[in-house]
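I opened my notebook to look up a few things in this structure. My entries follow the order in which I checked them.

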Amino acid sequence: MTKSKALIFASALLCIGGSAQAYTLGNWDLSGSIMLEGQVVSGDNEDHAQFNKFTDIKDGVTGGFSLSGYNADYGMELRASDIGRDTQEFRLSGGRFESFGYELFYNEIINNRALFDGAVKGPWDGAGTATLTPVPGIDLSAANTTGEGFKPFDFSINRKIFGGSLDLLKGSPFFAKIGYNRENQEGLRALGMAPTFSTSSTIFEMPEPIDYVTDNVNASVGYRSDAMAVSLEGFFSSFNNNNEKLIWTPANTDARNASGLKDTTLLAQDGDFWNLNFRDTIYDLPLDSTFTAKLGYSRITSKFDVLNSANTPDLLHSAGTTSAAAVNYATISTVVTDVPAFDGKIDYASADFALASQPTDNLDTKLFYGYLNKKNKSNQVTYSGFPTVTLRPGVTGSYNATSGIFSYFKHHAGADAQYKLPADTKFGVGYDFLHVNRTEGRPTNPENTDHKATLSLSNNSLDWLTSRIRYSYLARLADYRDEEGFLFFDAAEKRMNTLAVEFEAMPLEGLDAGLSASYSYAKYLDSVAGELAGRLNDHDLIVGANLGYQFGDAMHLGIYGELDRYTSETEIHAPSEFAYNYYIVGTNLTMPIIRNIIDFRAGYQYQRGRGNAEGEEYDNAAGSSSGPLYKDGVLVTANTPGLAGAINYLDTYTRHTASAQVSYKVLENLAAKLGYTFSQLDYLDDRIAGYSYNNTNPDSAVWTQSGATLDWDYKAHVAFIGAEYTF
Amino acid sequence: MENRKGRLFLVMLFATAMTLITTGAFAGIDQGSVDKCKTCHEEVVNKFMAGAHHGKVWSKSKGATTGSCESCHGNGDKHMEDNLKTSIITFGKHSSQSAEDQNKQCLNCHQKSPGLAMWKLGAHKRNDVSCASCHSGHGDKPQPAGPETCFKCHTTMKGQMQKLSHHPVVEGKVSCNDCHNVHGTTSHGQIKGDNLNQLCYKCHQDKRGPFMWEHAPVEENCSTCHKPHGSNHAALLVKPTPLLCKDCHEGPHGQVRAAGKFVGRACLNCHSKIHGSNGPAGKDFTR
C-alpha cells in the first residue's frame, strides 16, 4: 500500500461514527473497541533493524479490537493488537467466576538483528536452508569492500507462539491448571565459521538457518487452606530444530576447495527438558512463622549421531585445533570416534527451605537454605585419527579430543532480620553464605565460597518522604589450581562493597519524585601463587531520578534520567581499563487542549553511550605481519605489530526520540489521533571502522563479513493517524 | 498402560466434578452502602462500578449482597462524620495505613490465591510494598499496566531497559512478570526457575544442550556474560567482545581493525559455538 493510500484509508476512519452504545446480548453485557491506525515512515535507513528491533513500524494500516462480556456467572475478554504486523497478538480469556478460567492466545515476537536494505549479504546461495553453496563465479581471492556479487538476506528471527491454558477448581481449596503452547522460531542469524581446509585464518560469516519448533506443556495441582498450601508442578518442553546440520561449500578459491568439497557444522540439536517441583508452605506456626519447602528435579536430554567417518563419510569436517594453527583440515574419512552417538543427559536436583517469622510486632526474620546439584550424565566421546601436527611450539603429535562435561553443586544459606525502631525506622541485618563446588570440568577453579553481609536502614517518619540505605560486603574465597597461569574472573577471589540509597518524595500535592543510586566496587585478588585475576577492579555507579508533577487533574509533566558509569580494569596482557558511560534523559507531557475533547501528549528522550578502552588494542605476536590499524575510525598506520594502544570507540552512540500526539474525541464513542515520532541513532565503533565485506590480508587469507554488525545509523520519521470506536 | 489411563481418567473425573461443584459466585453489590459513598465520591464510584475489578463483576453477581466500597475501605460511618482520610482505610502512597494493614484488606479475599502462597517470604512483602502499589482496585484492569508499574520503584530499570540491547519489555512483548514472581518465591531475585539458567532456557531453547563440549561459566550462570535487564553491547553482554572474553582468556590473537579477527563480533567470529559445541573441534567452541 502506498503512503498516500494508507493515509486516505486511515483518514476515512474518522468518518465512521454514530451513536453506538454499550451492547447487550441476552444476559451478557458486551463492550469493546475497534482500533485502526495508518502509518507512514520515511528517513534514512528507516527500515533499519535498530529502529525496528522488536517492532514492525512501516507504511500501511494496522489495527486491533477488544471485546469483553460479563453476566452473572461468566466473563470473557478478547483482545487483538497490531493485526497484520510481525508483532500481532490475539488473546481470549474468560471463565466462570469462582469456578474455572481459560485462556487462548497467539503472539508474534520479532527480533530484527541487522540491516534490511540489502546491506546484509554473503557469497552464498541457499540462505535460509541447511545447504549453502557459493554464488556461481564469486571470486574471494581479491578484496571486495562492498560485497559486489554477494546475495542479500536479513538477520531476523520471528517467534510465533500459540497455546492455551485451563484453570480449574477456582473457588475451592483445590486448584489445578494445565497449559500448552507451541513456539515456532524462523529466520536467520549470523554464524562465524572457518572452513575445514583453511590454510590460515579464512573465516566466513554465514547465515545460520533458524527453524525451531518447541512444544511446552505445564500442569500444576494443589491445595490451599488457611493452614497450608501444597502443590505439584510439572513442565515438559520438547525442542526440535529442522536444521540440525548446516552443510556448506566454502566460497573461497583455496586450492583444496577446487573440487567443491563440503563442510559440516552441527547446529542446535533436538532435545527435551522437563521439570518437576513440589512445594509445601505451612502458615501460622509458632512465632507467627511461615515455612516453605520446595523440592525440584529437572532433566535435559539430547541424543544424536556424532560427526565421524561412519556417520558422514562424504563430508569434510574440522579437526580439533587447540593450539595448532594449521591443522584445520581433515577429511572425515580419517576421523573416528569411540562411540557412534552422543547421549546427552543433565540432571538438576534442588531443595529450598525458608522460614519467615514475626516473633514480635517489631521483629521480622527470615532463614533460608538452598541446594542445587547439576550433574552431567552424558556419555563422553573421544575423537581420534587426526593428522600429525604441531600442537604447540616444539610439540608434535596427533590431536585427539574427548568431549568435556561440567558438573557442580551449590549450597546457599542465609538469615536476615529487620527490626522496627522508633520514628517509623526499620533496621535490617543479613548474612548470605554460598558455596560452589565444581566437581567436573573445571579443574583450575574447583571451589568458591561467598560470605556476604548486608545492613539496611529505612525511614518513613515524614508523610512525604521514604528513604532507604543499604550496604553490603561480599568476600569471595577461591580454591585455585595453578596450572593455567591466570584466573578466570568469575571464579577469582574478590571483595565487593555495594552501597545503595533510595528516596521517594511527595513534598507537594501533585509532585512526585524519586531518586535511587547504587555504587559497587569489586576488587579481584591475585592468587597466593601470583596468578593474575582476569580482572583487577570493577566500578559500577548507577543513578536514576524521576520527577512528576500533576497540574490539577488534567495536565501532567514528567522528567526522568539515569546515569550509568562502569569501569573495569584488567591486567592479563598489560594494565588496561575499559570504561562505559551511559546516560538517558527524557520528559513527557500530557495536557488537554479542550478538556475532555482534545488532548495533547508529547515526549522527548536522549540517550548517549560511550565506550573506550585503554591499553586494550594489541596485535598478533611480535614479528608477525598485521594489517592496518584504525583509531577513531581513521586509518593510522598500515602495520603496527606489538602495539598496546587504545580503542577509542566501543558501542558509542547517541539516540534521539521525540513524539507528539493529538487525540480528538469526535463523538462520545469515537476518538481519533494524529501523531508524529522521530528517532535517530548515530553509532560509532572501532570494530567496524574501515569495514569490508571481503578482506585478503596476510593474517586472514579470506575474511568474509556479512554486514551483521555494520552501520547501525538510522533516522526515521513516522507519521500516524488512527481512530478508535468504542461500544 | 491400562492402569495409567485409568488413573488419568479418575483424575480428570475428579477435577471436572470439583469444578462443577465449585460454582460459587462472587459477592453481590450492597447498593445501599455504595450509594452512601457515591454522595461525595461519585466519579470514583462510577469508575469502580464500571471496572472489571471488582464493580462490574459484583454488580452482576447473584451472590450475597455484601460487596461494597466498605468491603475494602472499612466502615465509612466515622469518615462521613469527620471527613478525615485517617478515619477510613485508604490505599497507595498517600495512605495513612501501613503497607501491612493495607494488604490485610486485600488478603481477606485473595490470600488463598495459589500465586500468593509464598507472599510472606517474598522481597516485596518484606520491603513494605503494598498491593495497591501495583494493583488498582478501581480500574477496569486490576493487573499492573506494563513495566511502568515496576519502574515506579525500580527507578533505574527504565533506563536499563532502553539500552541498545534489551529484552522487548518496553515494547510490551516480554513482561517483568515473565521472569520474576513478584508475589514471592524462595529463589534469588524472585526469579521463576530453579536457577537462572533454567529460566533463560525456557525461551532460549537452543542453548539448553546438553552439549558434547560445555563452556563451564556458561553452564554455571548466564549472568556471568549477560545482563538480562539491558546492555549497550550486543546480545546483552556485560562488556563488548573481545574485552569480555579477555577477562578469562589470554593471548594476543588479532587486532581491532577491519581485516583483523576482532572486526565486528570479534572472538565470536570464529568461536561462534560459545554456548557449547557438538563438533570435533568443540574444545575451542569453533564448531
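**Entry 1: a residue and its contacts.** I began with A:Val120. Leaving out residues up to four places away in sequence, A:Val120 touches A:Ala114, A:Leu115, A:Pro152, A:Phe153, A:Asp154, A:Phe155, A:Ser706, A:Gly707 and A:Ala708. Two residues are in contact if their C-beta atoms, placed from the backbone, lie within 7 Å.

I noted the ground rules next. This is a predicted model, where local features need pLDDT of at least 70 and side-chain atom pairs count only at pLDDT 80 or more, while totals for chains, interfaces and linings use all residues. Residues are numbered from 1 along each chain as its sequence is written, and chains are lettered from A and ligands numbered from 1 in the order in which they are written.

**Entry 2: the cores.** I looked up the largest nonpolar core, which has 41 residues. A nonpolar core is a set of buried Ala, Val, Leu, Ile, Met, Phe, Trp, Tyr and Cys residues joined through C-beta atoms within 7 Å. A residue is buried if 20 or more other C-beta atoms lie within 10 Å of its own, exposed if 12 or fewer, and partly exposed in between. A:Ala114, A:Val120, A:Phe155 and A:Met206 touch the most other members. Which strand of chain A gives the most to this core? I found that strand 13 does, with five residues. A second, separate core has 22 residues, including A:Phe488 and A:Tyr524.

**Entry 3: two sheets.** Strands here are DSSP runs of E with at least two residues, numbered from the N terminus. Two strands pair if DSSP finds at least two bridges between them. I traced an open sheet of four strands in chain A, in the order 8-9-15-16, with mixed pairing. Its edge strands are strand 8 (124–125) and strand 16 (263–266). Strands 9 and 15 of chain A run parallel, joined by two bridges. A:Thr131 has A:Ile247 in strand 15 as its bridge partner.

I then found an open sheet of three strands in chain A, ordered 19-22-25, with antiparallel pairing. Strands 19 and 25 each have a single partner strand, so one side of each is left without a neighbour in the sheet. A:Thr382 has the bridge partner A:Thr402 in strand 25.

**Entry 4: one more residue.** A:Leu477 sits in strand 29 (residues 465–479) of chain A. Is A:Leu477 buried or partly exposed? A:Leu477 counts as partly exposed, because I find 13 C-beta neighbours inside 10 Å. Beyond four places in sequence, A:Leu477 is in contact with A:Asn448, A:Thr449 and A:Glu493.
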